[in-house]
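Morning, everyone. I have one structure to show and a few local features to walk through. Here it is.

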Amino acid sequence: WSTAPGNNYQFMSGTSMSAPHAAGVAALVYSINPNLSPIQVKQLLLETATPMGDPYVTGAGLINAELALADIQPAAVVLPVTSMEAELVMDQGGNGMVDPGDTVRYRIVAANGDPSPIQNVVISGTVPANTAYVPGSTRLNGIPTQDHTTGTPFPLDAGGLNIGTIPALYTTVVSFDVVVNAPAPAFYTLTGQATVVSGGVPSQVTVTTPVGGESCTLGLTNS
């Protein structure tokens, strides 16, 4: 049935009626596995169609969305390669060491080496202990990201920052700055931590920065 002039419906047939149904089922198939080729989708629709008699008259038969979707294998989850870096960007003492009052910039790197985009990527984190977040310093690929207007201003807490899609063969970088506070007793290192979630799978990254001038060490764990 199709809409017709005069706010009515009427029975119609032909490729103009069947094409939208076939395209709709193909779209459902791609929503489960976007890596399939057009030939693979066509073959899937032909193999799962319900026969309607003489194939020379009705072709493969009636398109069957339920069977087509049940027969498809979901695309494998592609995860970005993640890391975290720390850089001394404002050295008040000019000694090349991380000291109270200095500004440290953290970079969270999520690289997609796959030919397919990675969707729904969320990056979360916390401001390292013994530091203060620099308002307005968070950037996504160099573009300023709006601070929170309620709670803490840090964009990576309270559920994290949804960066959307990482394009194929592309690297996304989220950065933010902190100022080192006056040290508490036994305060020797800054520890930056963040979590990158893609496809429901978290990847935790950590970087520790010694206070007092030793070189930075980088640790990366996946969980």
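Start at Trp1. Trp1 is exposed, at a relative accessible area of 74%. Keep in mind that this is a predicted model. Trp1 sits in the segment before β1, which covers 2-4.

Next, helix α1. The helix runs over residues 15-32, so 18 residues by the DSSP run. From first C-alpha to last, α1 reaches 26 Å, close to the 26 Å expected at 1.5 Å a residue.

Which residues of α1 are buried? Val25, Ala26 and Val29. Look down the axis of α1: the buried residues fall within an arc of 105°, so they line one face of the helix. What do they pack against? Helices α2 (38-47) and α4 (65-70). Now turn to the face away from the buried side. There α1 carries Ser16 and Ser31, both exposed.

Last, backbone angles. Most residues other than glycine have a negative phi. Here are two with a positive one.

Asn120 has a phi of about 55°. Asn120 is in strand β5, residues 118-125. At 56% relative accessibility, against a cut-off of over 50%, Asn120 counts as exposed.

Asn130 has a phi of about 65°. Asn130 is in the loop between β5 and β6, the latter being 131-133. Asn130 is partly exposed, with a relative accessible area of 27%.

That's my tour. Questions, please.

Terms used:
Residues numbered from 1 in each chain as written. Predicted model: local features only at pLDDT ≥ 70, side-chain atom pairs only at ≥ 80, totals over all residues. Heavy atoms only, no water. Helix = DSSP H or I, 4+ residues; strand = E, 2+ residues; numbered from the N terminus. Expected span 1.5 Å × (residues − 1). Buried < 20%, exposed > 50% of the residue type's maximum accessible area, 1.4 Å probe, protein only. Arc of directions from axis to C-beta. Contact = heavy atoms within 4.5 Å.
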